[in-house]
Amino acid sequence: MTSNYDAEIYDVATPGELAGDVTWYRDLAVAARGAVLELGAGTGRITIELARAGVDVLAHDSDPGTLARLAVKLQSLDPAIRNRVTTLVADMQSFA
């Protein structure tokens, strides 16, 4: 499990867009016309962009530190965007 410190480093080390992945996920989610379960959401690199595009997201991660970092980011966003995101701390192998 990572710490909040590791989550901060992740944000610095990982650019916002990796070879168009955020755009690809956003376009796919918008086309699906429904809520999205994002496994391994981390600090919200993709989650936030999906929410900005009007998609409801259940952001799942096993690390509470990364989801805490996501929560901090969400606080600075418009409530309409922030309210589209729900977080879930759980292991991918056993959550229901």
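Is D21 buried or exposed? With a relative accessible area of 16%, D21 is buried, since buried means under 20%. This residue is taken up again in the first point below, and it should be kept in mind throughout that the model is predicted.

1. Salt bridge between R45 and D21. A search of the whole structure finds three salt bridges. In one of them R45 pairs with D21, and the closest N and O atoms are 2.7 Å apart. R45 belongs to the loop between β1 and α3 whereas D21 belongs to helix α2, so the pair ties together parts that are 24 residues apart in sequence. R45 is buried, its relative accessible area being 18%, and D21 is likewise buried, at 16%.

2. E49 forms a salt bridge with R52, with the closest N and O atoms 2.5 Å apart. Both residues lie in helix α3, where they are three residues apart, about one turn of the helix. E49 is partly exposed, with a relative accessible area of 25%; R52 also counts as partly exposed, at 45% relative accessibility.

3. Salt bridge between D27 and R26. Here the closest N and O atoms are 3.2 Å apart. D27 is partly exposed, with a relative accessible area of 42%, and R26 is partly exposed, with a value of 27%. Side chains of opposite charge can pair when their charged atoms come close.

4. W24 lies in helix α2, which spans residues 21–32. W24 is exposed, with a relative accessible area of 53%, while Y25 counts as partly exposed at 37% relative accessibility. Together with L28, W24 and Y25 make a nonpolar surface patch of about 350 Å².

5. In soluble globular proteins, nonpolar side chains tend to be buried together. The largest nonpolar core of this model has 17 residues, and those with the most contacts inside it are L50, V55, A59, L70, L74 and V85. Helix α2, helix α3 (47–52), strand β2 and helix α4 (64–75) each supply at least two residues of this core. Leaving aside neighbours within four places in sequence, L50 is in contact with Y25, R26, A29, V36, V55 and V57.

6. Surroundings of V57. V57 is placed in strand β2, residues 57–61, and counts as buried at 3% relative accessibility. Beyond its neighbours within four places in sequence, V57 is in contact with V36, E38, T47, L50, A51, R84, V85 and T86. The C-alpha atoms of V57 and L39 are separated by 10 Å, the two residues being 18 residues apart along the chain.

7. Backbone at R33. Most residues other than glycine have a negative phi. R33, which is not a glycine, has a positive phi of about 60°. R33 lies in the loop between helix α2 and strand β1 (36–39). R33 is exposed, with a relative accessible area of 78%.

Terms used. Residues numbered from 1 in each chain as written. Predicted model: local features only at pLDDT ≥ 70, side-chain atom pairs only at ≥ 80, totals over all residues. Heavy atoms only, no water. Helix = DSSP H or I, 4+ residues; strand = E, 2+ residues; numbered from the N terminus. Buried < 20%, exposed > 50% of the residue type's maximum accessible area, 1.4 Å probe, protein only. Contact = heavy atoms within 4.5 Å. Patch = residues over 30% accessible without salt bridge, like charges linked within 9 Å, V, L, I, M, F, W, Y side chains within 5 Å. Areas by Shrake-Rupley, 256 points an atom, 1.4 Å probe, with all protein chains shown as cover. Salt bridge = Lys/Arg side-chain N within 4 Å of Asp/Glu carboxyl O. Core = buried A, V, L, I, M, F, W, Y, C linked by side-chain atoms within 4.5 Å.
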